[in-house]
Amino acid sequence: MKTFVATLNAKYIHMNLAIRYLKAYAEPDFPVELAEYTIKDPVLHIVADLIERKPDVIGFSCYIWNIEETIRVIEILKKINPDIKIVLGGPEVSYDVFYWLERLKEADCIVMGEGEETFKELLSCFKNDEPLENVRGIAFRKDGKVKINPARPKLNLRNHPSPFRFKEDIPDLGKRIVYVETSRGCPFQCQFCLSSIETGVRFFDREKIKEDIRYLMKNGARTIKFVDRTFNISRSYAMDMFQFLIDEHVPGTVFQFEITADIMKPEVIEFLNQNAPPGLFRFEIGVQSTNDLTNELVKRKQNFEKLARTVPLIREGGKIVQHLDLIAGLPEENYDSFRKTFNDVFALRPEELQLGFLKMLRGTGLRHQAKQWDYVYMDRAPYEILKNNVLSFDDITRLKKAEDILDKYWNRHRMDATVEFLVTYAFETPFDFFQQFGIYWADRGWSKIGHQLEDLFTRLLEFLRHAEIRDLDIALALMKFDYLSRLKYKPRKIWWEDGLTKEERAEIFRGLPESALPEEVKALSEREWMKHVVTEKMPIDLPAFLQSKKIVREDHYLLFYYDGKGECRYFQI
């Protein structure tokens with residue numbers, strides 16, 4: 001019997017952990033082959049590849065991002081070879097199994113919840129032609145009717161075999177995100193999240209996890225993401241793992257965690273700020289909403305005051321990148337309330353801020369209570385909301401325009417100084433900048449066309465002129481600074497109109513105070529100066545603004561020196 005475990009990842013860089021768990025648990029009793037694709041791969045190419053490998057059983061790992069493409073694959077597979085056993089599992093099909101078995105006649109069986117032991121038992125039944133009635137944790141059809149077997153007891157994770165010791169994975173470890181799980185379950189009950197369904201937290205064997213991480217790093221893994229819902233739920237456990245990762249990491253490796261910030265103790269932050277190498281750790285922090293009523297309605301326990309102390313302390317340490325999440329569309333969070341949530345969280349200045357939209361996931365409490373708040377949402381995955389009793393469809397489309405600008409102009413860090421000035425001085429609140437620019441961007445039709453780096457600057461300048469902001473000269477100067485300081489080589493042309501003439505630049509060169517520049521720049525001839533230096537006027541004291549956000553109006557020149565080796569340095573004179 002030839003068995004495959006397959007999935008369609010969102011991107012090639014993602015490395016599915018679930019199918020590797022199934023393979024590790026089934027072997028050596030049942031040899032299992034991995035088959036990974038992406039949702040962008042042509043369906044017929046996926047089908048052709050699977051058929052060519054002559055499977056008897058294929059287990060598909062299903063999520064909201066791949067279910068529709070997976071359905072198309074299995075429909076064609078069954079047309080070509082009806083004898084292939086198709087088993088579905090994963091969070092998208094573990095709930096509403098009646099719906100899925102009615103919709104997907106091609107599926108022979110659905111594994112509900114934790115699938116390792118269940119899948120192995122299924123393989124035994126398929127091999128020996130045994131009935132499925134005694135296999136716990138599955139739903140299937142018998143005599144045209146859907147049968148749901150009793151749930152399976154939870155696994156003892158401490159005895160779980162490693163999902164990382166497959167030779168076929170080694171060549172690609174350095175190119176992909178490797179997902180690691182040290183615990184299952186979540187202590188919280190957020191009603192929009194599937195993790196709320198499983199009560200309690202179970203841990204894998206800590207020493208086995210450490211050995212797996214050593215193995216992964218030794219074999220080239222460079223981005224390792226922990227998928228624990230709350231990595232720091234146990235302070236002692238988290239501290240032990242942090243210390244291990246600091247002590248044994250391979251330079252260039254990045255570890256990502258989902259952290260609950262309001263339960264992180266100051267001593268943990270102090271330890272990380274003192275001991276973690278810069279860039280080693282990346283924290284993802286779900287804030288979702290700062291509206292107390294909203295959090296109460298979705299059973300989300302969160303102390304935003306503590307969170308608002310934690311995030312800046314981590315940021316000031318300069319060691320850890322933080323990614324904060326918001327969810328628009330939660331109960332009783334209207335447009336104005338979400339504007340406040342956004343501003344509350346943006347005030348923390350996270351390196352990345354994701355504005356997401358509520359998805360009514362199958363199995364969640366919020367989906368079961370959807371009528372209470374008049375939710376209207378997509379019938380098919382990803383089940384994103386379209387409106388509710390306090391948030392109109394027009395509100396949501398406006399927020400999506402703000403999301404677009406947030407991603408382009410804040411999360412990508414293309415013009416940090418400019419955006420900092422605009423959200424602090426030029427617009428009433430940060431949200432208003434992203435929202436107003438987002439609406440202008442969409443109205444101009446820019447959402448329908450691509451953009452180069454220069455376009456981001458010229459379009460922002462056009463918007464700022466349209467908005468008639470005060471101190472436009474400061475904004476433009478900071479835009480020039482952001483643009484020029486991030487280039488590796490001197491630009492051949494510039495996108496603004498008021499650059500200094502060659503004669504003015506030569507005059508500045510001849511009048512430079514020698515003490516203002518390093519020896520390498522002092523030694524330049526006038527010809528080399530013209531080749532390697534860009535000079536621009538700056539109407540404010542730039543260091544004062546970058547250090548403390550203070551606007552001190554003083555005329556200066558900024559010199560951008562490009563050394564020809566891919567490095568730029570700037571000097572204010």
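UniProt positions are given here in the numbering used for this chain, feature names are shortened, and annotations may be inferred rather than shown by experiment. With that in mind, the unreviewed UniProt entry lists residues 172-406 as "domain: Radical SAM core". The end C-alpha atoms of this span lie 32 Å apart, and the span is 37% helix and 20% strand. Helices (H or I, at least four residues) and strands (E, at least two) are DSSP runs, numbered from the N terminus.

Before we go on, note that this is a predicted model: local features need pLDDT of at least 70, side-chain atom pairs count only at pLDDT 80 or more, and totals for chains, interfaces and linings use all residues. Residues are numbered from 1 along each chain as its sequence is written, and side-chain values use heavy atoms, with hydrogens and water left out.

Let's start with strand 5 (residues 85-89). Four of its five residues are buried, so strand 5 is largely enclosed by the rest of the structure; buried means under 20% relative accessible area, exposed over 50%, and partly exposed in between (1.4 Å probe, protein chains only). Two strands pair if DSSP finds at least two bridges between them. Strand 5 pairs in the parallel sense with strand 4 (residues 57-61) over five bridges, and Ser61 has Gly89 as its bridge partner. Strand 5 also pairs in the parallel sense with strand 6 (residues 109-111), over two bridges, with Val87 opposite Cys109.

How do helices link these strands? Strand 4, helix 3 (residues 67-80) and strand 5 make a right-handed β-α-β unit, and strand 5, helix 4 (residues 97-103) and strand 6 make a right-handed one too. Right-handed means that, with the strands pointing away from the viewer, the path from the first strand over the helix to the second runs clockwise.

Now look at the open sheet of seven strands, in the order 2-9-12-13-14-15-16, with parallel pairing. Strand 2 (14-15) and strand 16 (352-357) stand at the edges with a single partner strand each, so one side of each is left without a neighbour in the sheet. Within this sheet, strand 9 (residues 177-180) and strand 12 (residues 223-226) pair over four bridges, and Ile177 is partnered with Thr223.

Finally, find Arg444, in the loop between helix 15 (430-443) and helix 16 (453-467). At 48% relative accessibility, Arg444 counts as partly exposed. The C-alpha atoms of Arg444 and Arg459 are 15 residues apart along the chain and separated by 9.7 Å.
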